[in-house]
Amino acid sequence: MSLVAIQLRSKGAGARPDTLEMSPLSTSSSISEEVDEESTDSRSAMDDTLWRKHGSAAQWFPGSSKVMWRIVLQVSLTFHLTAYAIIISIFLPTPSCPGDDCDGGSWMGEGAGLGLGVIAGITLVVSIILCALQLAFFPVVHRRLGSLMSLQVFAPMGSVAYLAFLVFLLRISSGLLRSTLVLGIMSLHSLAKAVCQPAALVLINETTATPSERVKTHSIAHAVNAAAAALGLWFGGYLLHFSLSVHFVGLVWIVLAVVSGLSAALALKPDI
């Protein structure tokens, strides 16, 4: 039945034609207004549900608490990666046996004792490896495993790489062997970094449904990440200074392995 016929019935048989509201445009506009009101009510009800379930955090993190946990995962990765960046830049040139004091407490280990030219070469090779892994290796891994599974598989490699640095507590005398070990360990760390960093970013994108939600979520995530990066640089520098002062640089790698392990455990969280 047409809209005009419905309006005629509602007005009754004695109604005058000039008083009838017979405009389809006005009818359709009123219907659209009712639909808008219903959608607004449904959105308000959903917001109320999120508020009761997640508290005030739902106002800032669209979707659910899953977004918050994924941002925490990304922040934890940023924290230990930036701490590693400052630590490795100081650890590599620090002498393995400072001065003539090779006895006493210093037996617990110092730095890698590499020359600046060797460090520059290792850094160049590791940077090329990292770039190649992110361009060629990560897309293949992500296509086969997905974002979350990629994190679950490769995040533990960060802890393995940190613990591998404990080999320098053995005071290796051969400079070539020290350089080879550093290159191998840093390459393993680059493998974990090349997969985990972009996977954590894609994981957040997969959680947000609309562009507005994505913009809001990423603005929060990048702000928190910037703070985590600054805190990681300070933490890494202070931790290495303390470790060198007590002649136990292995403490640095143990702490970083623990922090990296927490990130890997967070990726295994059931509802993340």
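# Helix packing and a few residues

Modeller: At 48% relative accessibility, Val160 counts as partly exposed. One caution: this is a predicted model.

Biologist: Noted. Which helix does Val160 lie in?

Modeller: Helix α6, which covers residues 156-164.

Biologist: How far is Val160 from Ile185?

Modeller: Their C-alpha atoms are separated by 8.9 Å. Along the chain, Val160 and Ile185 are 25 residues apart.

Biologist: Now Ser187. Where is Ser187 found?

Modeller: In helix α7.

Biologist: Is Ser187 buried or exposed?

Modeller: Buried. Its relative accessible area is 18%, and buried means under 20%.

Biologist: What is Ser187 in contact with?

Modeller: Val126 and Ile129, leaving aside neighbours within four places in sequence.

Biologist: Let's stay with α7. At what angle do α4 and α7 pack?

Modeller: About 155°, with their axes 10 Å apart. Helix α7 spans residues 175-207. Angles over 145 degrees count as roughly antiparallel, so α4 is roughly antiparallel to α7.

Biologist: Is that crossing of α4 and α7 left-handed or right-handed?

Modeller: Left-handed.

Biologist: Which residues of α4 and α7 meet?

Modeller: From α4, the list includes Val67, Ile71, Leu77, Leu81 and Ile88. On the α7 side, Met186, His189, Cys196, Ala200 and Ile204 are among them.

Biologist: How do the residues of that α4 contact with α7 divide?

Modeller: Into 13 nonpolar, four polar and four charged.

Biologist: And α4 with α8? At what angle do they pack?

Modeller: At about 35°, with the axes 7 Å apart. Here α4 is residues 65-91 and α8 is residues 211-245.

Biologist: Which hand is the crossing of α4 and α8?

Modeller: Right-handed. The residues of this α4 contact with α8 divide into 17 nonpolar and eight polar, with no charged ones.

Biologist: You listed Cys196 in the α7 contact with α4. Is Cys196 buried or exposed?

Modeller: Buried, because its relative accessibility is 4% and the cut-off for buried is under 20%.

Biologist: What about Cys131? What does its relative accessibility make it?

Modeller: Partly exposed, at 42%. Exposed would need over 50%, and buried would need under 20%, so 42% falls in between.

Biologist: Quick recap on α4, please.

Modeller: Helix α4 packs with α7 at about 155° and with α8 at about 35°. The α7 crossing is left-handed, whereas the α8 crossing is right-handed.

Methods:
Residues are numbered from 1 along each chain as its sequence is written. This is a predicted model: local features need pLDDT of at least 70, side-chain atom pairs count only at pLDDT 80 or more; totals for chains, interfaces and linings use all residues. Side-chain values use heavy atoms; hydrogens and water are left out. Axes are lines fitted to C-alpha atoms, for helices over the stretch in contact, and angles run from 0 to 180 degrees between N-to-C directions. Helices (H or I, at least four residues) and strands (E, at least two) are DSSP runs, numbered from the N terminus. A crossing is left-handed if the near helix is turned anticlockwise from the far one by less than a right angle, and right-handed if clockwise. Ala, Val, Leu, Ile, Met, Phe, Trp, Tyr, Cys and Pro count as nonpolar, Asp, Glu, Lys and Arg as charged, and the others, Gly among them, as polar. Buried means under 20% relative accessible area, exposed over 50%, partly exposed in between (1.4 Å probe, protein chains only). Angles under 35 degrees count as roughly parallel, over 145 as roughly antiparallel, 65 to 115 as roughly perpendicular and the rest as oblique. Contact means heavy atoms within 4.5 Å.
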